[in-house]
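Take a look at the sequence and the structure, then read on.

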Amino acid sequence: MTTAIRYIEDLFRVLDDDPEQLEELRRRVLGPALLNLPERFDRFVAEQTRFNDDQRSVNEEQRRFNEEQRRFNEEQQQFNEEQQQFNDEQQQFNDEMRQFHTEQLRFNARMDRFVVEQVRFNDEMRQFREETRQDLAQLKGGHARSEPMRRGHVIARRMGLRRARTLTGDDLVDLTAAADTSGIAPQAIDSFVDADLVMEATDGDGQTVYIAVEISYTANRRDTGRAMRNAEFLTRFTGQPARAAVASIRNDPEIADLIGGGQVYWHEIRDRDLEPE
């Protein structure tokens with residue numbers, strides 16, 4: 001059935017009643033481009049939605065990156081501050097080390113001077129001790145020498161003799177002058193007249209006996225040798241028997257055989273004999 005169309009409203013009624021007509025009209029009026037526009041728009045919306053989602057993801061990544069960058073910048077700032085503090089402390093440490101090295105050099109110089117002074121002091125102390133030792137040895141020797149000369153009668157008595165007199169240096173010179181000294185070296189004669197102690201004594205039968213005594217703080221082979229030689233000279237010069245003796249505080253072990261064998265008599269000087277009266 002054909003419907004007459006006089007007004008636009010008549011067309012709208014026909015189209016409303018016949019969807020196929022309406023669709024055909026749309027195709028003819030809109031054309032392919034406009035007909036596909038909704039589908040294209042839907043695709044555009046989908047693409048835009050995906051783009052927006054991607055953009056949000058990118059923005060989130062950017063936000064996280066910015067946050068990490070901010071934290072990094074803060075940490076970098078803190079590191080820079082700590083580094084600066086470290087550099088300041090290192091500079092201070094270096095200054096202190098330079099000062100320490102300077103003080104160390106001064107200390108080393110003082111120590112070098114101290115060592116030199118200490119060595120000099122030690123040398124002076126060694127020299128002082130040696131001089132003191134020598135002085136004490138001379139003092140002890142001199143003190144030890146005076147005791148036998150003062151107590152010669154005791155030496156004679158302990159040897160079983162009785163002292164008659166002590167010969168002086170002049171007496172010994174007179175003996176050598178009157179005697180035959182041929183074959184005796186002049187040095188031996190000089191040593192004889194400088195004998196430490198020579199005594200004239202008598203034995204139980206009244207016979208004259210001479211005693212040649214050498215005095216020393218510590219008696220040794222030299223002392224016993226001089227005493228025995230002087231006793232031989234006394235016998236040669238006087239024709240009378242003579243005996244050798246040493247007077248000392250102590251003896252070297254090397255003369256023990258002479259004393260033990262009776263060739264030399266030992267008069268022991270005791271510590272109390274050296275004490276002042």
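How many bridges join strand β3 to strand β5, and do the two run parallel or antiparallel? The answer is 6 bridges, with β3 (residues 208-215) and β5 (residues 242-248) running parallel. Keep in mind that this is a predicted model.

**The sheet**
- Strands β3 and β5 belong to an open sheet of 5 strands, in the order β1-β2-β3-β5-β7, and the pairing is mixed.
- At the edges you'll find β1 (162-167) and β7 (264-268), each of which pairs on one side only.
- Going from one strand to the next, the twist averages 30 degrees.

- Helix α7 (residues 221-238) lies across β2, β3, β5 and β7, and runs at about 150 degrees to β5.

- In soluble globular proteins, nonpolar side chains tend to be buried together.
- Here the largest nonpolar core has 24 residues, and L172, F192, L234 and F237 touch the most other members.
- At least two residues of this core come from each of α5, α6 (186-193), β3, α7 and β5, and α7 gives the most, with 5 residues.
- Leaving aside neighbours within four places in sequence, L234 is in contact with several residues, including L175, F192, V198 and Y210.
- There's also a second, separate core of 15 residues, and I155, A201, V209 and A247 are among them.

Note on methods. Residues numbered from 1 in each chain as written. Predicted model: local features only at pLDDT ≥ 70, side-chain atom pairs only at ≥ 80, totals over all residues. Heavy atoms only, no water. Pairing = 2+ DSSP bridges. Helix = DSSP H or I, 4+ residues; strand = E, 2+ residues; numbered from the N terminus. Axes fitted to C-alpha atoms, helices over the stretch in contact; angles between N-to-C directions. Contact = heavy atoms within 4.5 Å. Core = buried A, V, L, I, M, F, W, Y, C linked by side-chain atoms within 4.5 Å. Buried < 20%, exposed > 50% of the residue type's maximum accessible area, 1.4 Å probe, protein only.
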